[in-house]
Amino acid sequence: MAEDVSKLWQQVVADSERNRSASLRDLFDRDDLRAQNMTQALSDGESEIVVDFSKQIIDEQALKNLLALARQARVVEKFAEMRSGAIVNFTENQPALHTALRTAQTANIELDGQDIVKKVHQELEKIRIFAEKVCRDKKFKKIVNIGIGGSDLGPALIYDALSASHKTEIECLFVSNIDSTEINSILAKCRPQETMFVVCSKSFKTAETLANARIARQWLAKGLGVSVESEVVAEHFVVVSANNAQARVAGVNAANAFQIWPWVGGRYSIASATSLAPIIAFGFDAFSDFLAGMRSVDDQMQNVDLENNTTLILGLIDVFNFGTGRFSSQAILPYASALRLLPNYLQQLIMESNGKSVRQDGKPTDVATSPVVWGGVGTNSQHAFMQMLHQGTQIVPAEFIGFAQLANVDAESHDALMANMFAQAKALAFGDAQHATKDSVIGPHREMTGNRPSTTLLAKSLTPRTLGALIAMYEHRVFVHGVIAQINSFDQWGVELGKTLSVEINNQITQGETAVNDSSTKSLIAKYRQLRRKN
Ligand code: F6P
């Protein structure tokens with residue numbers, strides 16, 4: 001870390017220490033304008049998302065020092081460089097051009113002499129034509145997306161989030177796990193002649209996806225009474241990959257294929273053809289709005305002055321909460337069942353991006369990196385884990401996400417839903433000292449200390465634009481934390497060893513090979529081989 005940045009970082013760490021003993025009640029008592037001054041708006045290009053970070057345990061001096069740190073570390077300048085194609089993923093010698101997937105057609109981004117924007121928009125036009133044809137032909141009633149990680153979580157999130165507000169004659173189903181219980185239950189709901197399979201895999205080397213594609217192909221061929229090699233089967237398959245040739249090598253013969261690119265990470269691919277299934281289901285116009293919402297946040301992140309750059313500030317609060325090691329877990333609490341998959345989606349986005357411990361220069365980072373990201377929908381969370389957030393020994397910053405309007409909901413129930421969200425944030429922040437004084441025996445057990453931080457995001461409604469804006473906002477918060485921690489947020493070497501070991505162990509299980517193993521693994525394999533024998 002450069003000397004001047006390092007000095008500012010030390011100041012932020014000192015601010016974090018100072019704020020350990022800060023009280024939200026005092027911070028609000030001392031400043032009647034705190035809520036107003038710590039509430040900003042993020043635009044999705046059509047409506048605004050209210051962002052209230054006043055219940056974070058941070059004082060104005062700390063915020064000022066975080067902004068100075070961002071300025072000194074050139075966070076926004078580095079963001080602009082990333083958007084222009086800088087090789088930010090240096091361990092894989094790749095740029096991270098997920099923002100190019102939704103950039104305006106007039107933008108100019110060149111990579112190895114190729115016009116990236118032209119490629120992106122040509123593929124979008126191909127997607128639009130295909131999606132409209134599928135809907136016009138009315139042959140397919142179900143689309144089964146086969147993929148995992150970013151090849152599943154993104155399209156599944158879009159489909160879930162928009163299902164209540166967007167009608168569709170085509171149902172999307174999602175298969176990811178290699179546990180074939182999952183694909184079996186999905187295929188049981190499908191009829192071969194009216195089912196399309198979209199096989200999403202950037203690498204087309206992911207074992208789970210190849211296994212599920214094999215099962216799907218066999219199921220389809222059997223159901224249609226043809227061979228798996230038949231062109232009839234191929235008509236039911238679409239491949240989305242950065243390696244379409246590998247799809248055929250892997251035995252997936254598809255009549256249609258769409259391109260994603262090596263310069264977009266799997267967990268950043270939601271704005272690409274990876275989302276083909278929900279694009280077909282809800283129509284290309286909805287996806288265009290989704291992309292527009294993302295683009296709006298991209299542009300705000302790059303152009304708005306630091307003090308009013310809401311996405312940057314949220315990223316800096318993540319740095320303050322988690323980068324200083326003050327807290328180690330983050331709860332994502334959407335008060336909308338339509339966003340029930342958002343915590344899962346953000347787990348991959350945040351933890352696979354920033355779950356690192358080595359700086360770009362190869363030395364251990366002195367900034368704590370990814371928190372453990374988890375969560376669940378409100379109000380269910382209040383009947384599951386909120387007890388721990390209110391009275392547990394570990395403080396967990398919470399992120400509340402709510403909407404003034406949701407499609408087709410009961411007005412009275414919606415008011416109650418939102419009242420619960422506001423109540424939870426209030427109770428976490430300010431607690432309730434009353435119980436502690438009333439009864440000396442159980443008083444301490446009922447005490448609600450409060451002083452538990454949260455941010456509340458309040459949007460008008462869950463439109464494709466708002467969804468796109470929210471996702472881009474989280475992507476760029478990851479970027480901010482990654483820049484301050486000086487890590488590479490765009491590779492994922494940590495997932496490789498498990499995959500390699502699983503192949504070796506699979507061989508030991510299936511062929512009885514006795515590779516050198518630790519005694520525990522050896523014993524477990526032996527017990528498994530024994531137990532799996534049918535009696
Ligand atoms: O978890 C590792 C990973 O490579 C993710 O980054 C990716 O989203 C997922 O596996 C699936 O990879 P692919 O799209 O290449 O099948």
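Start with the packing of helix α1. Its buried residues pack against three partners: α4 (60-72), α14 (310-323) and α20 (464-485). Keep in mind that this is a predicted model.

Which residues of α1 are buried? They are V5, L8, W9, V12, D15, S16 and N19. These residues cover an arc of only 110° around the axis, so they sit on the same side of α1. Now turn to the face pointing away from that buried side. There you find E3 and K7, and both are exposed.

A quick check on the geometry of α1. The helix runs over residues 3-20, which makes 18 residues.

S151 places one 2.7 Å from a ligand oxygen atom. For S201, the distance from such an atom to an oxygen of the ligand is 2.6 Å. In T206, a side-chain N or O atom lies 2.5 Å from an oxygen atom of the ligand.

How much of the ligand's accessible area does the protein cover? On its own, the ligand has 390 Å² of accessible area, and the protein covers 86% of that.

That is both stops. Over to you for discussion.

Note on methods: Residues are numbered from 1 along each chain as its sequence is written. This is a predicted model: local features need pLDDT of at least 70, side-chain atom pairs count only at pLDDT 80 or more; totals for chains, interfaces and linings use all residues. Side-chain values use heavy atoms; hydrogens and water are left out. Helices (H or I, at least four residues) and strands (E, at least two) are DSSP runs, numbered from the N terminus. The expected span of a helix is 1.5 Å times one less than its number of residues. Buried means under 20% relative accessible area, exposed over 50%, partly exposed in between (1.4 Å probe, protein chains only). The arc is that of the directions from the helix axis to the C-beta atoms. Contact means heavy atoms within 4.5 Å. A polar contact is a pair of N or O atoms within 3.5 Å; within protein, one must be able to donate a hydrogen and the other to accept it, and residues adjacent in sequence count only if both atoms are side-chain atoms. Accessible areas come from the Shrake-Rupley method with a 1.4 Å probe; for residues, only the protein chains shown count as cover.
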